[in-house]
Amino acid sequence: MGHTKHNPTVRALFNDDDVVLGAVKDLRSNGYEVSEVYSPFPIHGLDEAMGLKRTRLSTAAFFYGLTGLFFASWLTYYTMNLDWPQNIGGKPNSMWFLNMPSFVPVMFELTVFFAAHLMCWSYFAVNGLYPGAKAQNPDPRTTDDHFLMEVELEGDEDALNKKLKELGALEISKIEA
Amino acid sequence: MHYESPVRNPLILGDKSYSDITNDIAKPVESKAPRAWWIAFSIAFIMFLWGVGCILYTIGTGIGVWGLNKTVDWAWDITNFVWWVGIGHAGTLISAVLLLFRQKWRMAINRSAEAMTIFSVIQAGLFPLIHMGRIWMAYWVMPIPNQYGSLWVNFNSPLLWDVFAISTYLTVSTVFWYVGLIPDFAMIRDRAINPVQKHIYKLLSFGWGGKAKHWQRFEEVSLVLAGLATPLVLSVHTIVSFDFATSVIPGWHTTIFPPYFVAGAIFSGFAMVQTLLLIVRKIFKMEDYINIEHIEMMNIVIMVTGSIVGVAYITELFIAWYSGVEYEQYAFLNRATGPYFWAYWAMMTCNVFSPQFMWFKKLRTNLIFTFVISIVVNIGMWFERFVIIVTSIHRDYLPSSWSMFSPTFVDIGIYIGTIGFFFVLFLLYARTFPVIAQAELKTILKSSGENFKKHHDEHGAH
């Protein structure tokens, strides 16, 4: 789970995405901390309802792409204009800039290559995904048609359980921190 | 929130729940292969082996075993290369461009279309590799420091641009596909009973658990990859067309090539998606997910891109006449009336005439008719590349060197082999991978499922 918690956690199982979304909103407005929701598919608006920050992966992808662009510029400059310039179809090669129109396709491809691959590696890394990793979801039903919510228990346990039942939870269990 | 206009037809038929989707999509992976699968696989595997033999013979003896001659020094190899790359384009178009346009009907077909992309780009990549003759020198296309100076690759050459375009396209399509596959592999992992199967899908699913933050990142990564893949797919066939357009051969040296090639690629790719999915939905009983609505949408794309290709053919003819260049004029006259007239008119019939039937709703919603047209279109698109390549060079500036091309059994064998290889990969995929992006499909069940739409109509919008 990554970080250690001081409070025990209550797990509640739901069987509908709209119900779980409503439950998250309700619990948070009542001061509970919803620490995780495991779902079989992305639920529109859940990240906002849980108060999650926007991911920065797209910003990272922009800079990865920029790296690819600079690499391609350097590579074409070094190989075609600096190390061994040759007359190819009379194309001007005294300066990289004059020769650059010929390099646009490769510069574009390497921009995309770097942006896409490095972003995916980052995505795997921040999510802790790698071949053979242990399944992160505690209940296998959450990749089928169930939704598992984890709420941090603060204060009265019975009140929380009652609340979760009212909100539509099918099963409730408690795990100690 | 889950409301959608009743004007739109449902995309998921029948009274389905989330768990029905899970069961239906996991079924082909968990059950024994149907007899039809084994028959298809055996045929494809024999074709593949025949192709392997012909490729080994080519590598061992040299490309002299092909039907090439001094005048026609590019023929089936490059025709097949362009044909396979073009077919690949529809997968990216469906998964990336239709994602950017928020087209929900893509969700039932994007997984298989992307699989088709990857498998056909693999076939395409084989041709330049074996055409090198000395395939063990293939790494020379990479800019690697070497003992000759260093003598670098030529970044001014469209053939090298192609190396970068195809390898970027293949690898980026693969990661795009895989990112989407991970949650679906996790679904199969979580319900697997057989321990070997469970272990394999555990490896493949990378530990995915469907946490809220991970889904948020998943959606962001999918969107950015779609944004990157869209210009990428357009660039790939543009660069393929540069292989011809930047030369000074009459019939090749035209600025219309990039958009014309891209439209042709989408056209042939959608036809191949139709061919494959009409079979998949039947064999694996996916008719509720890949239904007539999807088929009709794809037929409309085929009709539109086929017409764009038709306009491009006519524009080429017009510009050849209007240019006043006699060599250019002869190249086109020779295509239509020369010794390869049959290839030209086969291309015209298959690519321009046959998709026009799709204007009729009755025909574009007819499965058998769609299947026939999808095959016709792919034959036509193969002829298009053959016409562009062989008829442009078989009669050059010196009439004494005019010649014809006839393929040897090796040319034919390699082509058949790649078709076999493609189907071997696709059939293995269809048995072991979730063929529909089920996690994505579940997000549209409440808005586009038949039962939910009916419920909305009867009980009001909310």
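Visitor: How many helices and how many strands does chain B have?
Guide: This is a predicted model, in which local features need pLDDT of at least 70 and side-chain atom pairs pLDDT 80 or more, while totals for chains, interfaces and linings use all residues. Residues are numbered from 1 along each chain as its sequence is written, with chains lettered from A and ligands numbered from 1 in the order in which they are written. Helices are DSSP runs of H or I with at least four residues and strands are runs of E with at least two, numbered from the N terminus. On that basis, chain B has 17 helices and 0 strands.

Visitor: What is the radius of gyration of chain B?
Guide: The C-alpha trace spans about 80 × 55 × 40 Å along its principal axes. The globule rule, over C-alpha atoms, is 2.2 Å times the number of residues to the power 0.38. For 462 residues a compact globule would be near 23 Å, which agrees with the value for chain B, 24 Å.

Visitor: Are H4(B) and H5(B) roughly parallel or roughly antiparallel?
Guide: The axes of H4 (residues 110–131) and H5 (residues 158–191) of chain B come within 10 Å and cross at roughly 155°. Angles under 35 degrees count as roughly parallel, over 145 as roughly antiparallel, 65 to 115 as roughly perpendicular and the rest as oblique. H4(B) and H5(B) are therefore roughly antiparallel.

Visitor: Which residues of H5(B) meet H4(B)?
Guide: Residues are in contact if their C-beta atoms, placed from the backbone, lie within 7 Å. H4(B) brings residues including B:Ile118 and B:Val121. Those of H5(B) are B:Ile166, B:Tyr169, B:Leu170, B:Ser173, B:Thr174, B:Phe176 and B:Trp177.

Visitor: Which element gives the most to the side of chain B that touches chain A?
Guide: The contact takes 54 residues from chain B and 57 residues from chain A. Among the elements of chain B that give two or more residues are H1 (18–30), H5 and H6 (195–205). With 16 residues, the one that gives the most is H7(B).

Visitor: Is B:Arg102 buried or exposed?
Guide: B:Arg102 lies in the loop between H3 (76–100) and H4 of chain B, and has a positive phi of about 55° although it is not a glycine. A residue is buried with 20 or more other C-beta atoms within 10 Å of its own, exposed with 12 or fewer, and partly exposed in between. B:Arg102 has 7 such atoms, so it is exposed.

Visitor: Which residue is joined to B:Gly149 by a cis peptide bond?
Guide: The omega of this bond is about -5°.

Technical notes: Axes are lines fitted to C-alpha atoms, for helices over the stretch in contact, and angles run from 0 to 180 degrees between N-to-C directions. Two residues are in contact if their C-beta atoms, placed from the backbone, lie within 7 Å.
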